[in-house]
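Open the model in your viewer and keep the sequence panel beside it. This tour tells you what to select at each stop and what is there.

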Amino acid sequence: MTASRTSESSAHERLYRNLRQRIMLGELPPGLPLTLRGIAAEHRVSMTPAREAVRRLVAEGALSLSSSGRIATPELSVERIEELAALRGLIEPELAARALPRAHQALIERMAVINAAIGEAAERHDAVGYIRTNLEFHRLLYLRAQAPAMLAIVETVWLQLGPTMRALYGRMKRNEPPRHHRMILASLRAGDEPGLRLAVRADVTHGLRHLGST
């Protein structure tokens with residue numbers, strides 16, 4: 001591979017990861033129109049890395065691409081929100097249950113610290129900080145499941161929901177951590193798998209179903 005090809009590949013990977021993170025954390029609102037030229041200019045790369053990054057994000061459902069070539073962040077229908085909420089409700093309780101045998105005390109305490117940080121972000125009305133720490137709370141537990149294929153699917157769902165989660169945060173006006181997190185932590189401490197499954201399912205579907213019904 002030539003030096004220029006290597007540089008383009010590196011620029012594409014950095015751009016892809018940056019855009020992916022911003023979309024997952026809700027930094028970009030739903031339905032935001034984007035252009036390849038604008039993306040390339042903002043990130044100071046050529047059109048080739050911008051085009052490749054957008055192609056990957058479209059394939060993951062993080063961006064939409066119309067037949068006319070219009071690029072935008074996802075603007076989800078009620079039906080799509082319900083579908084993604086159902087996916088979370090199916091996969092995330094299973095990940096949590098698989099993680100339970102490896103959920104040692106230090107992990108649970110770390111999750112409690114992250115949960116406090118979620119509350120602090122809520123008090124500051126920091127939507128992006130709230131979403132970031134909330135996902136960190138879940139990811140930390142799910143990594144213990146040692147089920148990388150399931151976690152990859154869940155992260156793709158989180159990615160598609162990122163802009164919508166930002167809209168949901170604004171609508172629900174949170175000022176504390178999600179109430180089901182206390183139930184998740186209690187179930188982990190008690191080694192209660194049925195309780196953990198119920199708490200995770202309620203946590204990951206409650207807000208989305210609220211958004212879909214309003």
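**Stop 1: helix α4**

Select residues 78-99, which form helix α4. Its buried residues are Ile81, Leu84, Ala85, Arg88, Gly89, Ile91, Glu92, Pro93, Leu95, Ala96, Ala97 and Ala99. Buried means under 20% relative accessible area, exposed means over 50%, and partly exposed lies in between, using a 1.4 Å probe and protein chains only. Helices (H or I, at least four residues) and strands (E, at least two) are DSSP runs, numbered from the N terminus.

Before going on, note what kind of model this is: it is predicted, local features need pLDDT of at least 70, side-chain atom pairs count only at pLDDT 80 or more, and totals for chains, interfaces and linings use all residues. Residues are numbered from 1 along each chain as its sequence is written, and side-chain values use heavy atoms, with hydrogens and water left out.

How far apart are the end C-alpha atoms of α4? They are 31 Å apart, which agrees with the 32 Å that its 22 residues should span at 1.5 Å a residue. The expected span is 1.5 Å times one less than the number of residues.

Now pick leucine 90, also in α4. Is leucine 90 buried or exposed? Leucine 90 has a relative accessible area of 62%, so it counts as exposed.

**Stop 2: the whole chain**

Zoom out and colour by secondary structure. The protein has nine helices and three strands. Starting at the N terminus, the elements run α-β-α-α-β-β-α-α-α-α-α-α. The radius of gyration is 18 Å, close to the 17 Å that the globule rule gives for 214 residues, so the protein is as compact as a globular protein of that length. This radius is taken over C-alpha atoms, and the globule rule is 2.2 Å times the number of residues to the power 0.38.

Along the principal axes, the C-alpha trace spans about 55 × 45 × 30 Å. Of the 214 residues, 46% count as buried. Among contacts with a separation of 6 or more, 79% are between residues 24 or more positions apart; a contact means heavy atoms within 4.5 Å.

**Stop 3**

Together the three strands form an open sheet in the order β1-β3-β2, with antiparallel pairing. Two strands pair if DSSP finds at least two bridges between them. Which residue of β3 is the bridge partner of proline 33? That partner is alanine 72.

**Stop 4: histidine 12**

Move to helix α1 (residues 3-24) and select histidine 12. Its relative accessible area is 11%, so histidine 12 is buried. Not counting residues up to four places away in sequence, histidine 12 touches Pro49, Glu52, Ala53 and Arg56. With arginine 56 there is a side-chain to side-chain polar contact at 3.2 Å. A polar contact is a pair of N or O atoms within 3.5 Å; within protein, one must be able to donate a hydrogen and the other to accept it, and residues adjacent in sequence count only if both atoms are side-chain atoms.

**Stop 5: glutamate 60**

Next select glutamate 60, in the loop between α3 (47-59) and β2. At 18% relative accessibility, glutamate 60 counts as buried. Beyond its neighbours within four places in sequence, glutamate 60 is in contact with Tyr16, Arg20, Thr156, Leu159 and Gln160.

**Stop 6: aspartate 126**

Go to the loop between α5 (105-123) and α6 (127-142) and select aspartate 126. Its relative accessibility is 26%, so aspartate 126 counts as partly exposed. A polar atom of its side chain lies 2.9 Å from the backbone nitrogen of glycine 129.

**Stop 7: two loop residues**

Most residues other than glycine have a negative phi. Arginine 44 has a positive phi of about 55°. Arginine 44 lies in the loop between α2 (36-43) and α3, and is exposed at 79% relative accessible area. Glutamine 146 also has a positive phi, near 55°. Look for glutamine 146 in the loop between α6 and α7 (148-172), where it is exposed at 58%.
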